[in-house]
Amino acid sequence: MALVKILASNLFAGANFQKLEVGKVYDVDSAIADKWVEQGKAETSKEKASEKLVFEVATPSAPVSTDASVLQSKLDDVLEQLKVAQDAAEAKDKEHADTLEAANKRADDAEAALAAATKKDK
């Protein structure tokens, strides 16, 4: 670990990428301190560190599958299932439309019969 005094106003670091304050002293990993000093963003310091920075490395939790043929076959299966579901939905919609049309025809016939019956009675 090394103590560095920050010189650059646009330096972000740490596990949550916090902005480092100019003039403040931090305790950081030696490799990072050397890199910052070399780039002119910080200078080595003997002052007491006001904060210790922790650096974390993010790694994928599970390996990513690179087998495209497996993914493509899964995609093809899902697309086929989707097509079957869409065809079933269209058939159901047609069935509902036919049922509604038949009900409307019965209602129209009933209204016409009622109108004819009331006309006869008068």
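Three salt bridges are counted here, a salt bridge being a side-chain nitrogen of Lys or Arg within 4 Å of a carboxyl oxygen of Asp or Glu. This is a predicted model, in which local features need pLDDT of at least 70 and side-chain atom pairs count only at pLDDT 80 or more, while totals for chains, interfaces and linings use all residues. Residues are numbered from 1 along each chain as its sequence is written, and side-chain values use heavy atoms, with hydrogens and water left out.

- Lysine 83 pairs with aspartate 87, with 3.6 Å between the closest N and O atoms.
- Both residues sit in helix α2 (residues 68–121), four residues apart, about one turn of the helix; helices are DSSP runs of H or I with at least four residues, strands are runs of E with at least two, and both are numbered from the N terminus.
- Aspartate 98 pairs with lysine 94, the closest N and O atoms being 3.3 Å apart, and these two also lie four residues apart in helix α2.
- Lysine 105 and aspartate 109 form a salt bridge with a closest N and O distance of 3.3 Å; they too are four residues apart in helix α2.

**Exposure of the paired residues**

- Lysine 94 is exposed, at 54% relative accessible area (buried is under 20%, exposed over 50%, partly exposed in between, with a 1.4 Å probe and protein chains only).
- Lysine 105 is exposed at 53%, whereas aspartate 109 is partly exposed at 43%.
- Lysine 83 is partly exposed at 46%, and aspartate 98 is partly exposed at 38%.
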